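Welcome, and thanks for taking a look at this model. Please open the structure and keep the sequence beside it as you read.

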Amino acid sequence: MKKSVDILGLPVISITEGRELGMSKTLLIDAPNRIVAAITIEDEDWYRGVKLIPYDNVIAVGDDAVTINNSENILTLDAAGDFETLLDDNIRVIGTKAITRTGVIQGNITEIFIGEDGSIEKCEVTTPEGSTSEVTADQVAIFGKEVTVISPEGDAGKKSDTASAPAAPAVTAPAAAEPAAAEPVEETAPAEETPAEEPAAPEETAAPEAPAEEPAPAAEEPAPEAPAEDEAKDAERANEDRHRRFLLGKKATRTIKMDNGVVIVEAGADITEEVLQKAKLGNKFIELSMSAQ
């Protein structure tokens, strides 16, 4: 298993021709199949367009080079065929946001691990704090262009639990129905005796229910406090309305400002409803009252 950094930047060597054909540049990802489909390379003719090696034609990825059979394994863009769609999709995986299906961002994908057959086996996730963790390919729901969607291990467990839950009651339900049909056979003598004894029990239990109503008055005691508070608020509102009616239409004898310097009213200006609202917001109502004539 190799990391992407172990593959990229290595020389590509033809083992039958004995020459270097270029340098591995990027990995072409087939996201739906979760594999590296090809390796793009850069050579002396890089300005002529993209060239790539299908991963199936890679003999080995060594510590010092990527080996292929010969230069005929390298495809140009004109001969890329099915690889053109992957080139257009340009899904890199590395650098995408890792987010769970429940919408929680885990960090960014900073590395992928590739098996010998080119399959993506796991991803490395780095959090904003710098800590890293790994998720297997089985835990990845989607490899997207900008986001990699992760399905935590707990999701699979929850699905299997919910699937097995309904099966259990389905088996027990018919079993319970059969004894219910067998019981009516015993309706002869005992069925008439039990109803005679049962009504006696409810008559005795009905008597002690009366004291249960005693806690009700205790709950009613705090109730009178609410009207007292309402009366105080009503009195405060009435007092404020009297002040407002008194001040409306009068003139300010001096300029009054809020603490932040905003002018509430200029000296000699009329006191309007807007002025009163500003004074209330700036806690300058009393000062305004003392400066009105």
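## About the model

This is a predicted model, in which local features need pLDDT of at least 70 and side-chain atom pairs count only at pLDDT 80 or more, while totals for chains, interfaces and linings use all residues. Residues are numbered from 1 along each chain as its sequence is written, and side-chain values use heavy atoms, with hydrogens and water left out.

## Overall picture

The protein has nine helices and 16 strands; helices (H or I, at least four residues) and strands (E, at least two) are DSSP runs, numbered from the N terminus. Of its 293 residues, 29% are buried. Here buried stands for under 20% relative accessible area, exposed for over 50%, and partly exposed for what lies in between (1.4 Å probe, protein chains only).

The accessible surface is about 19100 Å², and carbon and sulfur atoms account for 53% of that. Such areas come from the Shrake-Rupley method with a 1.4 Å probe, and for residues only the protein chains shown count as cover. Take the contacts (heavy atoms within 4.5 Å) between residues at least 6 apart in sequence: 45% of them join residues at least 24 apart.

## The largest pocket

A pocket is found on a 1 Å grid over the protein atoms alone, as an open set of points where a 1.4 Å probe fits, with protein on both sides within 12 Å along at least five of seven lines; lining residues have an atom within 4 Å of a point. Points are joined across faces, edges and corners, and a volume is the space filled by probe spheres set on them. For the largest pocket this volume is about 230 Å³.

Its lining has 16 residues, and Lys25, Thr26, Thr40, Ile41 and Val50 lie nearest the centre. At least two lining residues come from each of β3 (19-30), β4 (35-42) and α1 (83-89), with β3 giving the largest share, four residues. By class, eight are nonpolar, four polar and four charged. In this scheme Ala, Val, Leu, Ile, Met, Phe, Trp, Tyr, Cys and Pro are nonpolar, Asp, Glu, Lys and Arg are charged, and the others, Gly among them, are polar.

## The second largest pocket

The second largest pocket has a volume of about 160 Å³. Look for Glu236, Asn239, Glu240, His243, Phe285, Ile286 and Ser289 along its lining. The lining divides into two nonpolar, three polar and two charged residues.

## Two positive phi values

Most residues other than glycine have a negative phi. Arginine 34, in the loop between β3 and β4, has a positive phi near 55°. Arginine 34 is partly exposed, with a relative accessible area of 24%.

Asparagine 90 also has a positive phi, about 50°. It sits in the loop between α1 and β9 and is partly exposed at 32% relative accessible area.

Glutamate 146 belongs to the loop between β13 (140-143) and β14 (147-150). With a relative accessible area of 63%, glutamate 146 is exposed. Leaving aside residues up to four places away in sequence, it touches Thr96 and Lys97. Valine 93 is 53 residues from glutamate 146 in sequence, yet their C-alpha atoms are 7.8 Å apart.

Threonine 100 is in strand β9 (residues 97-100) and is buried, with a relative accessible area of 10%. Its side chain makes a polar contact of 2.9 Å with the side chain of threonine 102. A polar contact is a pair of N or O atoms within 3.5 Å; within protein, one must be able to donate a hydrogen and the other to accept it, and residues adjacent in sequence count only if both atoms are side-chain atoms.
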